[in-house]
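Please open the model in a viewer and keep the selection tool at hand.

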Amino acid sequence: MAGDLAAALPEADAPVRVRGAGTKLAWARGEPAAELSTEGLDEIVEHNVGDLTAVLEAGVPLARAQEKFAQEGQMLALDPPDRGATIGGVVATNDSGPLRSRYGGARDLVVGMRVALADGTVAKSGGKVIKNVAGYDLGKLFVGSFGTLGAILEVSVRLHPLPPDTASAVGRSEEPGALGRAALALSHAKLEQMGLDVRWEDGAGAILARFGGAAARPQAEAAQRLLREAGVETEIVEDDDALWQAQRDAQRSPAGLVVKVSALQTDLPELLGIARDRGATLAGRAGLGLHWLRLDDGDHAGLVEALRGRWTAAVLDRPAGLEVERDGTLDPGARLLADRVKERFDPEGRLI
Amino acid sequence: MDGREVTAGSGPAWGEGPPPETEEEAERQPRDLGPLVDELRAAVGAEHVFTHQHQLRTYESDGLLQYAVTPGAVVLPDSTAEVQAVVRACHRAGVPFVARGAGSGLSGGALPVEDGVLISLSRMRRILDVDLDNQRVVVEPGVTNIAVSQAVAPDHFYPPDPSSQIVCTIGGNVAENSGGAHCFKYGFTTNYVTGLELVLPDGELVRLGGKEVDPPGPDLLGAFVGSEGTLGVATRIWLRIVPKPETVRTLVAFFGSPVQAGEVVSEIVSSGIVPGAIEMMDNLSIRAAEGYTNAGYPTDAGAALVVELDGSEAECETRFEQVVSICEDAGADSIKVAQSEAEREVIWQARKAAFAAMGRIAPNYYVQDSVIPRTRLAEVLGRIDELAREYDLQVANVFHAGDGNLHPLVCYDGSNAGEAERAEECAGLIVKACVDAGGSITGEHGVGVDKKRYMPEMFSDADLGAFQRLRCAFDPKQRSNPGKVMPTPRLCGEVPGPYRRHPLEEAGVAERF
């Protein structure tokens, strides 16, 4: 099956788009003449329980893989919003969710990859073990590449133990400054959060810290004390799945705008101020400075402009009619290098 | 060409264009660096350019002493601008260069190119920014690994901790994607680099990332980390640091055999515990280390297992009790729990001394760095025993048990005729056994010159071709650390397809290749 896709790549009418479940087509740029789907590549090739690794074909829905891992008390620590998304699509778009804070993103969890290049060449890099420095780490190059360097056929990933129990500490405030202080206190604490998130919606915000493991509750209580000292209203939520599901959901807008901002931790009050003033929702990883601002209705272009004046901001979901660059302005040197890489991997520029 | 062409004094003299295709070409007369040396002196000051044989000899090897090549000149730049000037001069002259940090690498990754330029980054050791609020540190490449943790103490630390951390540099760590004892839980260098300033092999200056994470586009930063100096020179590095764990608990348990200890490792990991470090030594390495450190390891033990948990107090205590009972249930001969920081250090002393202590077993050894899926441990150790008997050599095993990174030490006496070759052959078959078990030829030391001959065990011709595409995108003339990583030289060739003029090119900012 993987061979079929590889063989089809050089034959298809250019420009060619490689797609998975199609849950993020709004993020794509340019109209393809042909679409190649990874749908047929839906085998969970290996789940090496004792080694905490797995090999997945690109078209495997992430949710299906997670179900299988959970049966053994394990997880792939990637939890982006849409449940129908394939692992290949998640990796190609570098999508992520709240677990990014503790476990890293696709770049940190993918340990090996098999790809088909534009000319049909099938090549792999990395391996199936979690520690490996042999050869170039081409897998990382394909993370966030949107299929423009080749089609991801198969990924090897490292897994983590599924925490037996979770508990969250939540601190609420309407003051961006207080929320910023609370977030810094937690990100600098000697606690092991599985998630440290921020939320802003309808004039009020919250800092959310999630703990998992043998002592989730005592750790959440320690976090609650720190939140209280930072001057925000606090509570402990033990049945916390819905809380974190809401964080994931806020990273999408079916008809509106979602901008992903790469900022610093200390920028949080300023970002919350922008969300407040422009009526946007914000969900983000407070300890990483990575935020998703969502605006269903309103001045979409104005929000993009305000964010890009200050940070690197990628436009993901996009309302009809809004014409903006997806990635914004990159460092000219980085752009040059990205172009040189593109020229080597897809010299005829067939893939979009 | 096989992997052994680079031995003392016989390095390839690569000049213009791609690596040599023929032996004849490789053996032509040394290049005259004269005019280039003048340029280098102008770039960094005459006192920072070495050309005398006795000075050059200092740089002929890195931490892997089996290989030695004398460079044509050694240059010590002090700033990004000076590195850029040096690389530009090399580019114009068509002379290959090799960047070097502390030279503590174990794969010959910083082995000079004969008559090439060696760029030592030892003067660039400034810590440029310590931003504790944002948990970032910005350093020059010559800063040592330990200096980063020291700069952010006492509340934070920099997790990757190769055993050479007192001397090894962050620039070298970036090139090799260094790990260490704590990477099973904390990850590797690549998980901590958020930004890089690079001088590309043509002298172009590029910035990738910064303090922020997840810049849009392909992860070029991730592709650079671990590229072993073949894609350019990192001149500034942005690092993520993390809070120091609230508590650390350490024990060493002794078992009848490595296989028995390996089952304990599996038991610990499958019960959902992620130890900060989990290290194993076999009887031979215990005996060597004990004779060296007197750490109190019983010399008749079949295996020693060091387990360290760190994290929040509440979590750590519960989990540590679990680890103790897993060891007991598995029939540990004895368990020693560190009751103080001093006792913890004693436990670690033996593990950290294992390599150095090998001198007590044999005058020389080959260290391998293969990785296996942890569940295949018993099978692979059996195969290593078999090979040791077959080759009549002693093989000690010291390894990072959590991630299956073995460091088999093949002991030999180089003064016995043919023994070094026998040891090398045995080491090669050990590597093959690990790859056959689904592993890797190197977990943290890098490919360098030493393991490039094993690359075809892991990667097909098509895989290597894909690697070469990345290499050519960064370094079409292949002048940055040539002769490393790839098993055989490959050409870059022109970029096929329609010529597309780049905007930067039009603006006169960039030159096309």
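Begin by selecting residues 2-161 of chain A as domain 1 and residues 166-315 as domain 2; such bounds come from an automatic or database domain assignment. This is a predicted model, in which local features need pLDDT of at least 70 and side-chain atom pairs count only at pLDDT 80 or more, while totals for chains, interfaces and linings use all residues. Residues are numbered from 1 along each chain as its sequence is written, and chains are lettered from A and ligands numbered from 1 in the order in which they are written.

**Chain A**

The C-alpha centres of the two domains of chain A are 28 Å apart. Where they meet, ten residues of domain 1 are in contact with 15 residues of domain 2 (contact: C-beta atoms, placed from the backbone, within 7 Å). On the domain 1 side, four of these residues are nonpolar, two polar and four charged (Ala, Val, Leu, Ile, Met, Phe, Trp, Tyr, Cys and Pro count as nonpolar, Asp, Glu, Lys and Arg as charged, and the others, Gly among them, as polar).

Now display the whole chain as a cartoon: chain A has twelve helices and 17 strands (DSSP runs numbered from the N terminus, helices being H or I of at least four residues and strands E of at least two). Its C-alpha trace spans about 60 × 50 × 35 Å along the principal axes. Of the 352 residues in chain A, 60% are buried (20 or more other C-beta atoms within 10 Å of the residue's own, with C-beta atoms placed from the backbone).

**The contact between chains A and B**

Next, select the contact, to which chain A brings 74 residues and chain B 78. Elements of chain A that each supply at least two residues include α8 (216-229) and α12 (332-345). The greatest contribution on the chain A side is that of α12(A), with twelve residues. The chain A side comprises 35 nonpolar, 22 polar and 17 charged residues.

**Chain B**

Finally, select α12(B). Where does this helix bend? The bend, of about 25°, is at B:Trp348 (the angle between axes fitted to the seven residues ending there and the seven starting there). B:Trp348 is also among the buried residues of α12(B), as are B:Ile347 and B:Arg351. The buried residues of the helix pack against elements of chain B including β12 (247-255) and α10 (283-293).

Key
Two residues are in contact if their C-beta atoms, placed from the backbone, lie within 7 Å. A residue is buried if 20 or more other C-beta atoms lie within 10 Å of its own, exposed if 12 or fewer, and partly exposed in between; C-beta atoms are placed from the backbone.
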